[in-house]
Amino acid sequence: MRIAVYTGTFDPITNGHMSIIERAVGLFDKLYIAVAEETYKHTMFTVDERVELVRKSTSHFDNVEAEKFSGLTVDYAKERGAVAIVRGLRVISDFEYEMQMASFNRHLNPEVETVFFTADGEFSMVSSSMIRNIASLHGDISDFVPLAVNEALKSRC
């Protein structure tokens with residue numbers, strides 16, 4: 001079984017994330033979406049709320065499981081029996097950071113590959129922080145997030 005992990009803060013999950021997930025589920029038998037408990041970011045949603053939003057947004061996939069995680073991504077990948085770490089690239093500035101992280105992960109566990117997916121053009125400008133900012137100003141973010149996230153942001157902001 002080919003298992004992959006897709007880690008992130010997902011605060012909140014966006015249609016850009018969903019685009020990556022939709023493509024990854026076609027390549028892997030199982031995809032774990034691992035929501036980071038520890039983050040250097042100030043999050044709007046708690047880790048449990050973020051996991052629940054991911055679960056609601058991905059419930060139509062039979063081979064996706066969402067859960068929280070802490071620690072190193074490569075350790076989490078090893079625990080899940082993953083052969084790959086899924087990462088998304090939106091803009092060129094993402095590339096340098098993601099390449100550095102992939103190199104470290106490869107050094108820490110050479111049995112796990114990092115697989116990059118480029119963002120669909122319509123979502124290349126979408127970031128969770130931008131979504132939170134627009135939502136906090138009562139802007140329409142419905143084209144950029146799953147329905148469950150749109151509803152959660154409306155009630156939060």
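Which residues have the most contacts inside the largest nonpolar core? Before I answer, please keep in mind that what we have on the screen is a predicted model. The largest nonpolar core has 34 residues, and those with the most contacts inside it are Ile21, Leu31, Ile33 and Val86. As for where this core draws its members from, S1, H1, S2, H2, S3, S4, H5 and H6 each supply at least two residues. There is also a second, separate core of 12 residues, and Phe69, Val74, Tyr76 and Val112 are among its members. As general background, nonpolar side chains in soluble globular proteins tend to be buried together.

Let me take Val86 as an example. If we set aside its neighbours within four places in sequence, Val86 is in contact with Ala4, Val5, Tyr6, Thr7, Ile20, Ala24, Phe28, Leu31, Val115 and Phe117.

Next, strand S2. This strand covers residues 30–36, and seven of its seven residues are buried. In a regular strand the side chains alternate between the two faces of the sheet. Here both faces are covered, with Lys30, Tyr32, Ala34 and Ala36 buried on one side, and Leu31, Ile33 and Val35 buried on the other.

How do the neighbouring strands run relative to S2? Strand S1, residues 3–8, pairs with S2 in the parallel sense over six bridges, and within that pairing Ile3 has Lys30 as its bridge partner. S2 also pairs with strand S3, residues 64–69, again in the parallel sense and over six bridges, and there Val35 stands opposite Lys68. The chain goes from S2 to S3 through helix H2, residues 47–57, in a β-α-β crossover that is right-handed. S1, helix H1 (residues 15–24) and S2 likewise form a right-handed β-α-β unit.

The buried residues of H4 are Asp94, Glu98, Ala102 and Asn105, and what covers them includes helix H3, strand S4 and strand S5.

The side chain of Glu98 is joined to that of Arg87 by a polar contact of 2.8 Å. Beyond residues up to four places away in sequence, Glu98 touches Arg87, Gly88, Leu89 and Phe116.

In helix H6, residues 147–156, the buried residues are Ala148, Val149, Asn150, Ala152 and Leu153, and they pack against H2 and helix H5.

Most residues other than glycine have a negative phi, and most peptide bonds are trans. In the loop between S1 and H1 we find Phe10, which has a positive phi of about 50 degrees although it is not a glycine, and which is buried, with a relative accessible area of 4%. Pro12 belongs to the loop between S1 and H1 as well, and the peptide bond that joins Asp11 and Pro12 is cis, with omega about 0 degrees. His138, in the loop between H5 and H6, also has a positive phi, near 65 degrees, but His138 counts as exposed, at 62% relative accessibility.

How values were computed: Residues are numbered from 1 along each chain as its sequence is written. This is a predicted model: local features need pLDDT of at least 70, side-chain atom pairs count only at pLDDT 80 or more; totals for chains, interfaces and linings use all residues. Side-chain values use heavy atoms; hydrogens and water are left out. Buried means under 20% relative accessible area, exposed over 50%, partly exposed in between (1.4 Å probe, protein chains only). Helices (H or I, at least four residues) and strands (E, at least two) are DSSP runs, numbered from the N terminus. Two strands pair if DSSP finds at least two bridges between them. A crossover is right-handed if, with the strands pointing away from the viewer, the path from the first strand over the helix to the second runs clockwise. Contact means heavy atoms within 4.5 Å. A polar contact is a pair of N or O atoms within 3.5 Å; within protein, one must be able to donate a hydrogen and the other to accept it, and residues adjacent in sequence count only if both atoms are side-chain atoms. A nonpolar core is a set of buried Ala, Val, Leu, Ile, Met, Phe, Trp, Tyr and Cys residues joined through side-chain atoms within 4.5 Å.
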